[in-house]
Amino acid sequence: MKTKVWIFIVVAAFAIGFSIGKSKPVEHIHVLTGGEVYFTPGTQCEDRIVENINKAQTIDIAVYSITNTKITNALLNAKKRGAKIRIVTDRTMSGNKSSKDEVLVKAGIPLRKNKKHKIEHNKFAVFDGSHIVTGSYNWTNAATKSNSENCIFLDALALEYTTRFEYLWKLYSK
């Protein structure tokens with residue numbers, strides 16, 4: 001019995017020490033109301049992202065991968081109409097044969113690839129500094145057609161997501 005108690009104490013002490021060294025204190029707690037959530041497979045996430053791209057003048061995007069044709073076309077059209085767009089993405093996924101990163105860069109959209117993290121696994125965008133989309137939804141054709149994913153649209157937390165995007169943008173600078 002004593003051995004089990006000591007093992008529990010050692011494991012608990014290790015876990016507490018590990019979490020103290022690795023985590024940051026919670027700075028903000030938000031109670032959220034409203035918003036929209038969608039699930040895939042299905043086109044609702046894709047459709048709402050495109051709708052937000054079509055309306056926005058500034059778009060900051062942090063995503064793991066972009067292979068979705070409709071989203072890519074919306075970004076290209078937004079660039080043509082003068083929207084300011086910036087993208088941070090994963091360096092390994094950027095080299096994928098289905099990636100649309102090269103097309104976006106050729107169109108003049110600034111894109112930076114992660115250099116500091118093992119992977120850039122965020123999936124969010126900030127539109128006009130005032131509303132966001134986040135969730136597990138990858139900006140890929142597979143996410144729309146066959147994966148089980150989600151996306152959440154909020155008119156809250158834009159400041160926190162903008163702050164994170166600016167951090168990543170500077171971190172991945174050339």
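Guide: We will go through aromatic rings, charges over rings, a cavity and a loop residue. Please keep in mind that this is a predicted model.

Visitor: How do I read a pair of aromatic rings, and how many aromatic pairs are there here?
Guide: A pair of aromatic rings is described by how far apart the centres are and by the angle between the planes. In this structure the count is three aromatic pairs. One of them joins Tyr38 and Phe153: the ring centres are 6.1 Å apart and the planes meet at 70°, so the pair is edge-to-face.

Visitor: Where in the chain do Tyr38 and Phe153 sit?
Guide: Tyr38 is in strand 1 (residues 36-39) and Phe153 is in strand 7, so the pair links distant parts of the chain, 115 residues apart.

Visitor: What about the rings of Phe124 and Tyr161?
Guide: Their centres lie 4.9 Å apart with the planes at 65°, so this pair is edge-to-face. Phe124 belongs to strand 5 (residues 123-127) and Tyr161 to helix 7 (residues 158-171), so the pair ties together parts 37 residues apart in sequence. Phe124 has 1% relative accessibility and counts as buried.

Visitor: Which residue lies over the face of Phe153?
Guide: That is Arg48, at 4.8 Å from the ring centre. Look also at Trp169: Arg86 lies over the face of that ring, 5.2 Å from its centre.

Visitor: Which residues line the largest cavity?
Guide: The lining is made of Ile49, Lys123, Val133, Thr134, Gly135, Tyr137, Trp139, Asn150 and Cys151. By type, five are nonpolar, three polar and one charged.

Visitor: One last stop: where is Asn138?
Guide: Asn138 is in the loop between strand 6 and helix 6 (141-145). With 15% relative accessibility, Asn138 counts as buried. Leaving out residues up to four places away in sequence, Asn138 touches Tyr64, Lys123, Ala143 and Glu149. You can find Lys123 in the lining of the largest cavity as well.

Terms used:
Residues are numbered from 1 along each chain as its sequence is written. This is a predicted model: local features need pLDDT of at least 70, side-chain atom pairs count only at pLDDT 80 or more; totals for chains, interfaces and linings use all residues. Side-chain values use heavy atoms; hydrogens and water are left out. On a 1 Å grid over the protein atoms alone, a cavity is a set of points where a 1.4 Å probe fits but cannot get out, and a pocket is an open set with protein on both sides within 12 Å along at least five of seven lines; lining residues have an atom within 4 Å of a point. Ala, Val, Leu, Ile, Met, Phe, Trp, Tyr, Cys and Pro count as nonpolar, Asp, Glu, Lys and Arg as charged, and the others, Gly among them, as polar. Helices (H or I, at least four residues) and strands (E, at least two) are DSSP runs, numbered from the N terminus. Buried means under 20% relative accessible area, exposed over 50%, partly exposed in between (1.4 Å probe, protein chains only). Contact means heavy atoms within 4.5 Å. Rings of Phe, Tyr and Trp (its six-membered ring) pair if their centres lie within 6.5 Å; planes under 30 degrees apart count as stacked, over 60 as edge-to-face and the rest as tilted. A charge sits over a ring if NZ of Lys or CZ of Arg is within 6 Å of the ring centre and within 35 degrees of the ring normal.
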